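Thanks for coming. Please have a look at it first.

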Amino acid sequence: LESSEPAVPLCRFPDEQRVLPPEIGTGPECITRIMTCLRALGLLSLIGGAAAGTILEHASFQTCYASAATCTSLYLRDRQLTGLIPTELTSLTRLSYLDLHRNQLSGTVPSFMAVLTNLKYLELGINNLTGGIPTEIGALSRMTVISLGTNRLTGTLPTEIGSFTNLGTLYFDTNQLSGTIPTELAQLPSSCNVNGRNRSRKQP
């Protein structure tokens, strides 16, 4: 049944109109009230750039961790997060989408992520990650996107990446990788976008 009461248009934006409950208010002050409502509902974590702290402290992670048996996506892009990538991620065995792009995470790309065998999308770009890319990453055979660009990773590219038959995107540019590009990467799908331009890497 359709309501006979017309929707109340509030908080107009340049190209669109949001319909919100009248108690939110109108005018510029409604933005503050909307943010307050989102925070009360636990939805503020959906807005980029609105958080800080560690991954474990973030509401989105805590929600996903509490429903680990069903959680398939964890989106923490551009949240100003610091610290290491926590081992608690290994409990999220249904995870297929992990986005930690553009934070201030440190430490290494952890080898324990190999247990996340349902993972298809891994975005770790633009952080402060160091060390090598673990060979254990080869266990993630369902990968379609791997983004490791703009970190401080060292060492060589694991040959295991060449076994990813579904890979569509591979970014490892702007790191400190060395050695040659593994010949195994030639086994990747012809449509795979490989974007790696590390200055210190020798050409094969």
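A search of the whole structure finds two salt bridges. By salt bridge I mean a side-chain nitrogen of Lys or Arg within 4 Å of a carboxyl oxygen of Asp or Glu. Before I show them, some housekeeping. This is a predicted model, in which local features need pLDDT of at least 70 and side-chain atom pairs count only at pLDDT 80 or more, while totals for chains, interfaces and linings use all residues. Residues are numbered from 1 along each chain as its sequence is written, and side-chain values use heavy atoms, with hydrogens and water left out.

Start with Asp-99 and Arg-77. Their side chains meet in a salt bridge, 3.0 Å from N to O. Asp-99 lies in strand E5, residues 97-99, and Arg-77 in the loop between E3 and strand E4 (82-83), so the pair ties together parts that are 22 residues apart in sequence. As for the names, helices (H or I, at least four residues) and strands (E, at least two) are DSSP runs, numbered from the N terminus.

Is Asp-99 buried or exposed? Asp-99 is buried, with a relative accessible area of 0%. Arg-77, at 25% relative accessibility, counts as partly exposed. The cut-offs are these: buried is under 20% relative accessible area, exposed is over 50%, and partly exposed is in between, using a 1.4 Å probe and protein chains only.

Arg-77 also forms a salt bridge with Glu-123, where the closest N and O atoms are 3.7 Å apart. This pair links distant parts of the chain, with Arg-77 in the loop between E3 and E4 and Glu-123 in strand E7, 46 residues apart. Through shared partners, the salt bridges join Arg-77, Asp-99 and Glu-123 into one network.

Stay with Glu-123 for a moment. Its strand, E7, covers residues 121-123, and Glu-123 is buried, with a relative accessible area of 6%. The side chains of Glu-123 and His-101 are joined by a polar contact of 3.3 Å. A polar contact is a pair of N or O atoms within 3.5 Å; within protein, one must be able to donate a hydrogen and the other to accept it, and residues adjacent in sequence count only if both atoms are side-chain atoms. Leaving aside neighbours within four places in sequence, Glu-123 is in contact, meaning heavy atoms within 4.5 Å, with residues including Leu-98, Leu-100 and Ser-147.

Next, the sheet. Strands of a sheet pair through backbone hydrogen bonds, either parallel or antiparallel. Here three strands form an open sheet in the order E8-E10-E12, and the pairing is parallel. Strand E8 (130-131) and E12 stand at the edges with a single partner strand each, so one side of each is left without a neighbour in the sheet. To count as paired, two strands need at least two bridges between them in DSSP. E8 and E10 (residues 152-155) are joined by two bridges, and Thr-130 has Arg-152 as its bridge partner in E10.

Now two asparagines. Where is Asn-151? Asn-151 lies in the loop between strand E9 (145-147) and E10, and at 7% relative accessibility it counts as buried. A polar atom of the Asn-151 side chain lies 3.2 Å from the backbone nitrogen of Asn-127. The backbone nitrogen of Asn-151, in turn, lies 3.2 Å from a polar atom of the side chain of Asn-175. That Asn-175 side chain also has a polar atom 3.3 Å from the backbone nitrogen of Arg-152. Asn-175 sits in the loop between strand E11 (169-171) and strand E12 (176-177), and at 10% relative accessibility it is buried too.

Last, the cysteines. How many disulfides does the structure hold? It holds one. A disulfide is a pair of cysteine sulfur atoms within 2.5 Å, and this one joins Cys-64 to Cys-71, S to S 1.8 Å. With -105° about the S-S bond, the link is left-handed. Both Cys-64 and Cys-71 are buried.

Cys-64 belongs to helix H2 (residues 59-66), where Ser-60, Phe-61 and Cys-64 are buried. Seen down the axis of H2, its buried residues fall within an arc of 95°, so they line one face of the helix. That arc is taken from the directions from the helix axis to the C-beta atoms. The face turned away from the buried side of H2 carries the exposed residues Thr-63 and Ala-66. What covers the buried residues of H2 includes strand E3 (73-75).
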